[in-house]
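Trainee: I would like to learn how to read a model of this kind. Please take me through it one feature at a time.

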Amino acid sequence: MNAGRAFQQYECPMCSLVCANSTILQEHVNLHLEENYHPVKITSDAVLARQLQAEEDRRRVKESEREKAEFQKLQRQFGLDDSGGYRQQSVQNLERAVARGRMHPIEFHMHKAEMMETLATGVDDGRTKTSGVSEALRRYYSIASPEVHRVWLCSPLDHFSSSGGDKGWGCGFRNFQMLLSSVLLSDTYGDFLQDHKYIPCIPKIQALIEDAWKEGFDPQGASHFNGKLQGTRAWIGASEIYCLLTSLRLKCRILDFHTPSSPTGTHPLLFEWVLNYYASDTRAGGGKVVCSSKPAIYLQHQGHSRTIVGIEERKNKSYCLLLFDPGCPSESMKRLTKQRLEGADLKQLRRYAGGLKHKQYQIVAVEGILSPEEKTGRLQMSKVFRAERIP
């Protein structure tokens, strides 16, 4: 064999691939020409793999940054971002008032001292409380309201407005204060709750909910808040209200109107339940104005909560809820305590079926007192927390 022929190269002119002989080279070139064949070099595969990996790494970094931003947004929204709680927000609002010339420094120190005393005692300072609205409503319906056939009112209660320390996140706590005031002013429960005869301030309510979690109530809910509410601006809802009331040995129900019960997107079953709740009080008597001994009802929907204090049956057979809203300023509520109310004054309280068109509502209603054994049973049931669903 000729030594020169042993090392002859048969290189493809199109992709530089070296073939063993001319026959193989010819077949290879035909592939290029006839089938548009383009083999990728090993070196090209490696470059492509590195490019794909780099793109995947960039995608993962962006996804991680997006998830982190979403998580931080949710933390801010629900007050779990370590931005401080009631005390810090109160002080910040006082400082802003001084900086803008709306408050003298002496007033600042006086208000701060009063706030510190409130936090030390755990008793609400009553600055946002309005008393007497229940009595004003009873008078109004007794002598006016020709469009109302009958009205049921809960046991007397006080209204609590949001303050500078809880604005934007404290509605659940303020509604608990209203509900508790209704319970304390009721003959049925007043004596039983002698140890809790004062309305607690918001940090104290936070501590009471934490105590309920430590007892074992609603471990899933406790985990959501990492077992901590004090020092945060975290929102609370119907499940926290239910657990707190149950820990105080108050028998209550939590109901979930999880979907509209009308083709128009409203909740007539919610109105029906509220009516039956108040109308079932056989001790309330008859007449146009039925003053029930039953407490107010906590009402929750996405982003806000209010307190149901009564329900009207109109002459046209429709129904209207009467609601106390913690977002309503004390000044507006105090105007309702005047001697001569008019129908227009009740606009801020009235909500017809068409005015409650959120997809979901939850309510918490007090229905009695629990024995120690019943409380233990409900604690065990709360390990897997479920509300009664209607419909």
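Mentor: We go through confidence, helix packing, pockets, a cavity and the backbone.

Mentor: This is a predicted model, in which local features need pLDDT of at least 70 and side-chain atom pairs count only at pLDDT 80 or more, while totals for chains, interfaces and linings use all residues. Residues are numbered from 1 along each chain as its sequence is written, and side-chain values use heavy atoms, with hydrogens and water left out.

Trainee: What average pLDDT does the protein have?

Mentor: pLDDT is the predictor's confidence in each residue, from 0 to 100. Where it is low, the predicted coordinates should not be read in detail. Here the protein averages 88, and 90% of the residues score at least 70. Over residues 1-6 the pLDDT is below 50, and this stretch has one contact (heavy atoms within 4.5 Å) beyond near neighbours in sequence.

Trainee: At what angle do α4 and α5 pack?

Mentor: Two packed helices are described by the angle between their axes and the distance between the axes. Axes are lines fitted to C-alpha atoms, for helices over the stretch in contact, and angles run from 0 to 180 degrees between N-to-C directions. Helices (H or I, at least four residues) and strands (E, at least two) are DSSP runs, numbered from the N terminus. For α4 and α5 the angle is about 170 degrees, with the axes 10 Å apart. The two helices are therefore roughly antiparallel to each other (under 35 degrees counts as roughly parallel, over 145 as roughly antiparallel, 65 to 115 as roughly perpendicular and the rest as oblique). On the α4 side the contact is made by Y86, R87, S90, V91, L94, E95 and V98, and on the α5 side by P105, F108, H111, K112, M115, M116 and L119. By class, that is nine nonpolar, two polar and three charged residues (Ala, Val, Leu, Ile, Met, Phe, Trp, Tyr, Cys and Pro count as nonpolar, Asp, Glu, Lys and Arg as charged, and the others, Gly among them, as polar).

Trainee: How do the axes of α8 and α10 cross?

Mentor: The axes of α8 (residues 202-215) and α10 (residues 238-247) come within 9 Å and cross at roughly 75 degrees. That makes α8 roughly perpendicular to α10. Helix α8 contributes I205, L208, I209, A212, W213 and E215 to the contact, and α10 contributes E240, C243, L244 and S247.

Trainee: Which residues lie nearest the centre of the largest pocket?

Mentor: On a 1 Å grid over the protein atoms alone, a cavity is a set of points where a 1.4 Å probe fits but cannot get out, and a pocket is an open set with protein on both sides within 12 Å along at least five of seven lines; lining residues have an atom within 4 Å of a point. Grid points are joined across faces, edges and corners, and a volume is the space filled by probe spheres set on the points. The largest pocket has a volume of about 800 Å³. Its lining has 30 residues, with R127, T128, S163, G164 and G165 nearest the centre. Helix α4 gives the most to this lining, with seven residues.

Trainee: What volume does the largest cavity have?

Mentor: About 50 Å³. The largest cavity is lined by S134, L137, L153, C154, L157 and V309, of which five are nonpolar, one is polar and none is charged.

Trainee: Where is the cis peptide bond?

Mentor: Most residues other than glycine have a negative phi, and most peptide bonds are trans. The bond from I390 to P391 is cis, with omega near 0 degrees, and P391 sits in the segment after β13 (388-389). S145, not a glycine, has a positive phi of about 50 degrees; this residue is in the loop between α6 (133-143) and β4 (148-153).
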